[in-house]
Amino acid sequence: MIRYRSVLLLCCLFIPAAAGQAIAEQQPLQMQRHSIAEGAVTDTYWGTQITDTYRSLEQLGNPKVAAWIEQQAAQARTVLNSIPGRKTLLKKMASFDGRRKSTAYSLTITDSNRYFYLKRTPKDETGKLFFRNGFKGKETLLFDPESLSEENGPTFVVSSHSPSDDGKTLAISVSANGSEDDSILIMDVDSGKLYSETIDRCRFASPSWTKDGKSFLYNRMRTVSGPEENPQYDSSTWLHRIGTDPAEDREIFSRTANPELDIDSADIPSVIYDKESGSLFGFLSTVDRRLRVFVAPLGELNAPSTKWKSLITPEDNIHDFAVKNGELYFSTPEGAPRFKIMKTQLANPDFRNAETVVDEQPEGRVDAFALTSDAMYYTFSLNGVDARLFRIEDASGSTTELSLPFKAGSAYISSKGTRFRDLWVTIAGWSSDYRRYRYNPDANTFSVETISSPASYPEYRNLKVEEIMTPSHDGMLVPLSLVYKKGLKKNGKNPVLLYGYGAYGKSLTPFFSPSMLLWTANGGVLAIAHVRGGGERGDEWHTDGMKTTKPNSWKDLIGCAEYLVKNGYTSPENIAVNGASAGGILVGMAMNERPDLFAAVIPQVGAMNPLRGEETPNGPVNVPEFGTVTIHEECMALIAMDPYLQITDGTRYPAALVTTGMNDPRVSAWQPAKFAARLQEASSSGKPVLFFADVDAGHGMGNTKTKEFEALADVLSFGLWQTGHPDFQPGK
């Protein structure tokens, strides 16, 4: 498969929420509120006046703003640390972590069968980079990011790693304190020595090695001269030869080098060398899943300038592709909202008259595919929570469903490419730990190839998982996943942690998290709402929850909460609602529309002021998902989906825990700050509104293990406090 780094406004955090009216009104903690408003700003959008009370908070460098954020963070930290039961949660998370001798992730396998991966032991805060020759080979430590850290200095992590096809050379991307501001280091694997050069400004680098393994292509952001410039605008793809000064690198693909290609300033250009076809593929990426791709022969790298030919346009509606034997296989929702897989000739593609390889399935979605030397494999899912795997033989064309080792909620497949028969699948469920298997097509068997050490969690042997369909405001049935202890009584009193995302066509597929499941260990129901805007039910499920149709997302979430109340699982005073990143819009708007339905709301690093999103570095690239103020209809939709703007004075809002990372490059920290300040001012419920800003974190990527545990403990304990759990009430 062709791989390139996504620039989605995504967050990997999964954290809870909650609050109970009676409990919150009785809590003894005295919340101090310090106004930071310094004069409202009124803007006119297409004849509509919008008053922005806390515009001053956008100036994060202002000493008054910095002092307010520091005061808010300190107060939030004091309150959160005082919640009984929080320390017990942290101890249990540490216990879970200690059960596994080591955890491996971010695995890459080269053509030479070298395994490169990050590994973390219970003593490690971040992953260290290892390699081995073959699955059973001797493990060798290559790089420890702690070697870059100084006492009281920033904490570095390995963001990604990209080995050459022969596995002899390695590009290592590192960043500090969650900033995602990557620098590339280059290592000779056999000696373990780093080359002298370092390449900075590489957030979207996506290194791709050339055929000889001596050079790689990578994206680099431009230098900026002032805060008024967007550092993400007009980035370029460069060709670097190892052992040379990056200042000598040659620009290969960019708005500057290729004015004839109509590249927008916000586009992220990247180039991948595809060894299967011997071609260069140039991508122009935003959050739009519809690909825009150009192609050029590898020999063009030796020419003074690269001559690119258009291969795929957004109008072709192609979301993924791979090449084999001169044929281009691609995944598309064109005329098939639940996706189909087709193929055409790479040299002269005809996407409209391409051959169908896997037709759209009426009962579920065709998710992904992988090519090997003798077959094509693809995954299929029902509502994003019931995964199946199929194999299509090249020789006969016959299709066979493969029997997975256990019933999988999610399944992820990978191969080494079309010159190899190797196929791996990683499967998991809400109550089933991740396992990675190698498939043997001759014996039709799966063998475990999980690098992580095994662990047992007997606490979760008696969990029940329900996959149900709940009606939304317009009668649409929305998938809702419920996880709780067997024997749960539907007495309307159970604490519920209701999580959703609903953006970018991203599916919330089943995952296993012992720490997250502590909500169920405390008698609660973990509920995952697969709302529109996600991809669980196909492409239309996504497009029915974006831009002007965005209200479907939060109305779906509201429908799920109403279902849980109606069917006796819980009551409004026991529901905590949580969303992260783009999920901030989801939970913030659900709170605004139905403040009576939730005990607490917890938006993490949330996009809480999308009307102003285009003013941030990462905003323009997100226009395809949320819209732009330059188009009337989309501007009105941005206003309607803006949680900050929709807060109304004198409303009895739920309790809130609002978080941000001061180094966040995806959602500027002032968005959650403005939302928290406005909510503190407007709410008449007397319930706490906490705003915690972490000065050593970003959007969640690159957090240390301790930060991950702390953040999750904050959400769980705050949620259990506000939903009335007796073990989490302050003063007891």
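Tutor: Start with Leu 498. Leu 498 touches, among them, Leu 480, Ala 527, Leu 557, Asn 578 and Phe 598, leaving out residues up to four places away in sequence. Contact means heavy atoms within 4.5 Å. This is a predicted model: local features need pLDDT of at least 70, side-chain atom pairs count only at pLDDT 80 or more, and totals for chains, interfaces and linings use all residues. Residues are numbered from 1 along each chain as its sequence is written, and side-chain values use heavy atoms, without hydrogens and water.

Student: Why does Cys 202 count as buried?

Tutor: Buried means under 20% relative accessible area, exposed over 50%, partly exposed in between (1.4 Å probe, protein chains only). Cys 202 has 0% relative accessibility, so Cys 202 is buried. Cys 635 is also at 0%, and therefore buried.

Student: How many disulfides are there?

Tutor: The rule asks for a pair of cysteine sulfur atoms within 2.5 Å. The count is 0 disulfides.

Student: What makes a nonpolar core?

Tutor: Buried Ala, Val, Leu, Ile, Met, Phe, Trp, Tyr and Cys residues, joined through side-chain atoms within 4.5 Å. The largest has 109 residues; Leu 498 and Phe 718 are among those with the most contacts inside it. Helix α11 (residues 705-722) gives the most to this core, 8 residues. Helices are DSSP runs (H or I, at least four residues), as are strands (E, at least two), numbered from the N terminus.

Student: How many bridges join β29 to β30?

Tutor: There are 4, and the strands run antiparallel. Pairing needs at least two DSSP bridges, so β29 and β30 pair.
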